[in-house]
Amino acid sequence: MRVREMIRDLDRRKVYIYLSGLLIAVVVIWLITFLFARYGRLERLSAAKRGELNTFNSLREEYLRSKRVVDGLDRRLLSTKGGGSPMTIMEEIGRRLRLSDRIAGFRPIKGKTMQNYRERGVEVQIDGIDINEVVNLLYTIDRYNALLLVKDFTMKSRFDNPDLFDISINIVLVSKTSE
């Protein structure tokens, strides 16, 4: 009963003021709730975009690493354009590593041409080479300025000195053909 008496005692102006205050409070609460919901959604979207950016950056780094490798291979392919044979290259490597006197022979391998690339190969026989020289030979072949590929490699120990080996190695020179 007390509430009814209070309402009856209030004049119209005070009722409108109280109702306006209540309406403003409801609108403010609704607006704050709406803005927090919107902020939470934007925060989730922002986190998702940061994840996508991290994925993109890792893909970018992977692409740049792969591009450096491909560019290096392309330079090596173009370095032999129009000249050089695998036999002369292997003779040069043999001289550089002081293996010329132990090279037993060369035998050409039938080459292939596919799309814009040509493969020419040679089989090299080297007798009486120790393991350190084998490692140096393979390292020099891998780091040569032209693109050399080892297609086949056999190594047999010698009967007279088990510390020395006879090796047979098939080397293929890959070069770009004129387009």
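Which residue just after H3 takes a positive phi? Select Arg98: its phi is about 60 degrees. Keep in mind as you click around that this is a predicted model.

**Stop 1: the sheet**

Start with the strands. Colour E1, E2, E3 and E4, and you will see an open sheet of four strands in the order E1-E2-E4-E3, paired antiparallel. E1 and E3 are the edge strands, since each of them pairs on one side only. On average, neighbouring strands here are turned by 15 degrees against each other, if direction is ignored. As a reminder, strands of a sheet pair through backbone hydrogen bonds.

**Stop 2**

Now zoom in on residues 103-114, which form E1, and residues 117-129, which form E2. The two strands run antiparallel and are joined by nine bridges. For one of these pairings, select Phe106 and look across to E2, where Val124 is its bridge partner. Then follow the chain to the turn: two residues lie between the strands, and Gln115 in this hairpin takes a positive phi near 50 degrees.

**Stop 3: the E3-E4 pair**

Move over to E3 (147-157) and E4 (165-176). Ten bridges join this antiparallel pair. Select Thr154 to find Ser168 of E4 standing opposite.

**Stop 4: helix H3 on the sheet**

Next, show residues 86-96, which make up H3. This helix packs on the sheet and touches E1, E2, E3 and E4, and its direction makes about 35 degrees with that of E2. Which residues of H3 are buried? Select Pro86, Ile89, Met90, Ile93 and Gly94. They sit on the same side of H3, because the arc they cover around the axis is only 140 degrees. The general rule behind such a pattern is that an α-helix has 3.6 residues a turn, so residues three or four places apart point the same way.

**Stop 5: helix H4 and Glu133**

Finish with H4, which also packs on the sheet, where it touches E2, E3 and E4. The direction of H4 makes about 165 degrees with that of E3. Within this helix, which spans residues 131-142, pick Glu133. What does the side chain of Glu133 make a polar contact with? Show the side chain of Arg102, and you will find the contact at 2.8 Å. Leaving aside residues up to four places away in sequence, Glu133 touches Leu99, Arg102 and Gly128.

Note on methods:
Residues are numbered from 1 along each chain as its sequence is written. This is a predicted model: local features need pLDDT of at least 70, side-chain atom pairs count only at pLDDT 80 or more; totals for chains, interfaces and linings use all residues. Side-chain values use heavy atoms; hydrogens and water are left out. Two strands pair if DSSP finds at least two bridges between them. A polar contact is a pair of N or O atoms within 3.5 Å; within protein, one must be able to donate a hydrogen and the other to accept it, and residues adjacent in sequence count only if both atoms are side-chain atoms. Contact means heavy atoms within 4.5 Å. Buried means under 20% relative accessible area, exposed over 50%, partly exposed in between (1.4 Å probe, protein chains only). The arc is that of the directions from the helix axis to the C-beta atoms. Axes are lines fitted to C-alpha atoms, for helices over the stretch in contact, and angles run from 0 to 180 degrees between N-to-C directions.
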